[in-house]
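Could you take a look at this one with me? Here it is, and my notes come after.

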Amino acid sequence: MHTAFSKRILFFAVSFLSCTYLFAQPAPVSREEDDLPKDYLSASFHAGRREALRQMMPDNSVMAVFAYPTRSFSNDVEYLYHASPDMYYFSGYKEPHSLLLIFKNEQTDSAGNTYSEVLFVQKRNAQAEQWTGKRLGAEGAKEKLGIPMSLNGEDFKNFNIDFTKFDKVIFDRLPADVPNDARDKSDLFDMIQLFRQKTALPEDYSKEKKFDNRSYREMTAKLREIKTPEEKDLIRKAVEISCLGQNEVMKAVRPDMSELEIQGLHEYVHKKYGAEGVGYGSIIGSGENGCVLHYEENTKTRVGNSMILMDVGAEYHGYTADVTRTVPAGGKFSDEEKMIYQLVYDAQEAAFKTLKDGSKWADAEKAARDVITEGLIKLGIAKDKAEANKYYPHGLGHHIGMDVHDRGTYTSIKKDMVITIEPGIYISSGSNCDKKWWGIAVRIEDDALITQDGYELLSHFAPRKIEEIEKMISQKSALDNFKLPPLKSAEKKGF
Ligand SMILES: [Mn+2]
């Protein structure tokens, strides 16, 4: 609101000034870009990432980055394409059917042009674009992404490049199940075929030193795990938006809501703040459903007074958050729920205390697990460590970024990494403990930016403490008055 208003004042001032020198001009046509977000990663960010990669690459090598394949949703409908993280990171290109070649050493083509990277993109096609949206095309890629050697995918075939001259050809494992559109002779399938031909790639290339999948993973992990200032800005937004979603849901939640409705409220808040989607399937597990670690069906029609485990991450301009809150739908935790919740909270705090530049993943893991093991034994839920581990069956956390489980290493924790800390306890019915604990599932997940001496809790916007959560739930929500008419078709069938 504020920005639009000040822009209008600015525009008015500019028009007024120009009128003093010129006669009335026709009102400028507002360009489409004026209504687009202004905080995307810049071409110079992507250029900087390519340069950082080049520094790591061995001499006389080339790295090939293929975009992810498209996927079928149903019949002739495809899943909405999600920008391929490595392709986006190194080029800014978001479309499928693309290939980026990055060279360690400058190359010269037959016309004498020098280049250090080549980007092959989807060719512009008015008919296809009417159906599936605008394509950037080779010219657009040159102009917007600042990659002078941007070509159409079909140009890869005759692109004069002798792969035999390189000591190393570095690429990720080639996907085996790439769909082949027979009408398109330069889609991803064809580009991979051509790549195999041009590099004379043997069927089993894993043993050949020249072809290197391992260092692809290593280099991209080392780069992507350390976030640049531009990336931190976007992650901060994604995390804050996710927290505002959690808060609004806490305020709005009622026992007669369904898991789907709660999912919808989170995702509505995300989109209200400009997050394009979610970084993974939203998990809304009420009661026992919280025990299913990646529960994404969200089909329970009434959450009742049970706790709801809500693991939901907004994705903002390609970067995803990953935040989990477990809250009582009825407003108050029961005594048993409180005890389990507090244990998970204490485990999370213990892990936080270990975090700083140079600390170890293993130490954070151990700190959290020790608290949970000791606590479960004390409560009589587990006899020993092995039994306690069954109630906490996953790891402590992971890197986040363009992927929710982002590329990264898991030994040392370093400054400018962004990681999740997410201990949990899941006691399903039938567990070998007193029935009063059955059906209790708690996960608390926060996103931490590692600093020199500690960490910054990016997800501090959403409460974690028992009293603070109960207080948030007792507040009114803007969504309380959002009432829709009942379904007529449901009434007739008596649903
Ligand atoms: Mn996670």
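Below are my notes, as numbered points.

1. First, what you're looking at: this is a predicted model, so local features need pLDDT of at least 70, side-chain atom pairs count only at pLDDT 80 or more, and totals for chains, interfaces and linings use all residues. Residues are numbered from 1 along each chain as its sequence is written, and side-chain values use heavy atoms, with hydrogens and water left out.

2. The overall picture. The protein has 14 helices and 19 strands; both are DSSP runs numbered from the N terminus, with helices being H or I of at least four residues and strands E of at least two. Its C-alpha trace spans about 75 × 70 × 55 Å along the principal axes. Of the 495 residues, 50% are buried. For burial, the cut-offs are under 20% relative accessible area for buried, over 50% for exposed and partly exposed in between, using a 1.4 Å probe and protein chains only. Among contacts with a separation of 6 or more, 71% come from residues 24 or more positions apart; contact here means heavy atoms within 4.5 Å.

3. Now the metal. Which residues coordinate the manganese ion? They are Asp322 (OD), His398 (NE2), Glu422 (OE) and Glu445 (OE), at 2.1 to 2.3 Å. Donors are N, O and S atoms within 2.8 Å of the metal (3.2 Å for Na, K and Ca), and water is not among the atoms, so sites may look incomplete. Along the chain, the donors of the manganese ion follow the spacing D-x75-H-x23-E-x22-E. Asp322 sits in the loop between β13 (319–320) and β14 (323–328), while Glu422 sits in the loop between β15 (418–421) and β16 (424–427), so this pair ties together parts that are 100 residues apart in sequence. Asp322 counts as buried at 3% relative accessibility, and Glu422 counts as buried too, at 10%.

4. Next, the aromatic rings. How many aromatic pairs does a search of the whole structure find? It finds 17. Rings of Phe, Tyr and Trp (its six-membered ring) pair if their centres lie within 6.5 Å; planes under 30 degrees apart count as stacked, over 60 as edge-to-face and the rest as tilted. Phe120 and Phe156 make a tilted pair, 4.9 Å centre to centre with 55° between the planes. This pair links distant parts of the chain, with Phe120 in strand β5 (residues 114–121) and Phe156 in the loop between β6 (150–152) and β7 (168–171), 36 residues apart. Phe120 and Phe156 are both buried. Ring pairs also join them into a cluster whose members include Phe66, Phe103, Tyr115, Phe195 and Phe211.

5. Phe195 brings us to helix α6 (residues 188–198), where it is one of the buried residues, along with Leu188, Asp190, Met191, Ile192, Leu194 and Lys198. The cover over the buried residues of α6 includes β1 (61–66), β4 (99–108), β5 and β7.

6. Have a look at the backbone as well. Most residues other than glycine have a negative phi. Just after α6, though, Ala200 takes a positive phi of about 50°. Ala200 lies in the loop between α6 and β8 (211–212). Is Ala200 buried or exposed? Its relative accessible area is 58%, so Ala200 is exposed. His97 also has a positive phi, near 55°, and is placed in the loop between α3 (85–91) and β4. With a relative accessible area of 16%, His97 is buried.

7. Helix α10 (residues 335–354) packs against helix α13 (residues 466–474) at an angle of about 120°, with the axes 11 Å apart. Axes are lines fitted to C-alpha atoms, for helices over the stretch in contact, and angles run from 0 to 180 degrees between N-to-C directions. The two helices, α10 and α13, are therefore oblique to each other. As for the labels, under 35 degrees is roughly parallel, over 145 roughly antiparallel, 65 to 115 roughly perpendicular and the rest oblique. Lys338, Tyr341 and Gln342 of α10 make the contact with Ile466, Ile469 and Glu470 of α13.

8. Last, a surface residue. Lys272 belongs to helix α9 (residues 259–272) and is exposed, with a relative accessible area of 60%. Lys272 and Gly245 are 27 residues apart in sequence and 9.8 Å apart in space, C-alpha to C-alpha.
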